[in-house]
Amino acid sequence: MKERYIKQVKKQLMLPASKRKAVLRDLEEAFASAAEHGETEQQVISRLGTPEQFAAGIEEQLGVNRQKLLKTRTVVWTIIWLVVAVVGFLVYLTIRQQQELNGALGIIGGADGPTAIIVSGPGIDVPLVMLMIAAAAVVLAVIGIVRYLLKNAKK
């Protein structure tokens with residue numbers, strides 16, 4: 001029960017790793033101290049509140065603005081996905097253009113008639129994979145933009 005509670009608190013905390021470790025260590029000590037004084041894990045959990053409440057209280061004590069962190073995280077991930085989308089589309093276009101140029105130069109033996117050469121490739125269509133990655137990145141970026149706009153509209 002204690003381990004589950006601490007694990008949930010860890011998931012909820014939006015703190016740097018060093019501060020999160022210190023909070024979790026203090027939480028472990030609180031459970032140990034309570035056990036020494038005859039308090040059960042359930043009583044400690046009831047006193048501390050839900051993991052969400054506990055984490056919010058700790059963040060408030062430490063001066064952490066959760067909403068600002070969430071907004072910043074959303075913006076950063078949206079920018080990352082937009083960059084991935086742009087790079088993916090550029091790679092796709094570059095590969096397709098190169099394939100077209102290679103196709104125009106692929107005829108040999110023109111005097112005797114065209115000769116076909118079959119070149120075996122990697123088995124996957126690399127430009128299509130890049131296009132799919134870019135499209136997925138666009139979708140994720142749009143989701144990030146919508147989340148950002150919805151959070152700002154609530155204010």
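Q: What does contact mean for tyrosine 5, and which residues does tyrosine 5 touch?
A: Contact means heavy atoms within 4.5 Å. Leaving aside its neighbours within four places in sequence, tyrosine 5 meets this criterion with Leu27, Phe31, Ile45, Leu48, Gly49, Thr50, Pro51 and Phe54. The model is predicted: local features need pLDDT of at least 70 and side-chain atom pairs count only at pLDDT 80 or more, while totals for chains, interfaces and linings use all residues. Residues are numbered from 1 along each chain as its sequence is written, and side-chain values use heavy atoms, with hydrogens and water left out.

Q: What makes the buried residues of α1 line one face of the helix?
A: Helices are DSSP runs (H or I, at least four residues), numbered from the N terminus. In α1, the buried residues are Lys2, Tyr5, Ile6 and Val9. Seen down the axis of α1, they fall within an arc of 95°, so they line one face; the arc is that of the directions from the helix axis to the C-beta atoms. An α-helix has 3.6 residues a turn, so residues three or four places apart point the same way. The buried residues of α1 pack against α2, α3 and α4, whereas Glu3, Arg4, Lys7 and Lys11 are exposed on the other side of α1.

Q: Which residues touch the most other members of the largest nonpolar core?
A: A nonpolar core is a set of buried Ala, Val, Leu, Ile, Met, Phe, Trp, Tyr and Cys residues joined through side-chain atoms within 4.5 Å. The largest has 15 residues, of which Tyr5, Val9, Leu13, Leu27, Phe31 and Phe54 touch the most other members. The elements giving two or more residues to this core are α1 (2-12), α2 (17-36), α3 (41-48) and α4 (51-61). Helix α2 gives the most, with 5 residues.

Q: Why is isoleucine 79 called partly exposed?
A: Isoleucine 79 is placed in helix α5. Its relative accessible area is 48%, and therefore isoleucine 79 is partly exposed, a class that lies between the buried and exposed limits.

Conventions: Buried < 20%, exposed > 50% of the residue type's maximum accessible area, 1.4 Å probe, protein only.
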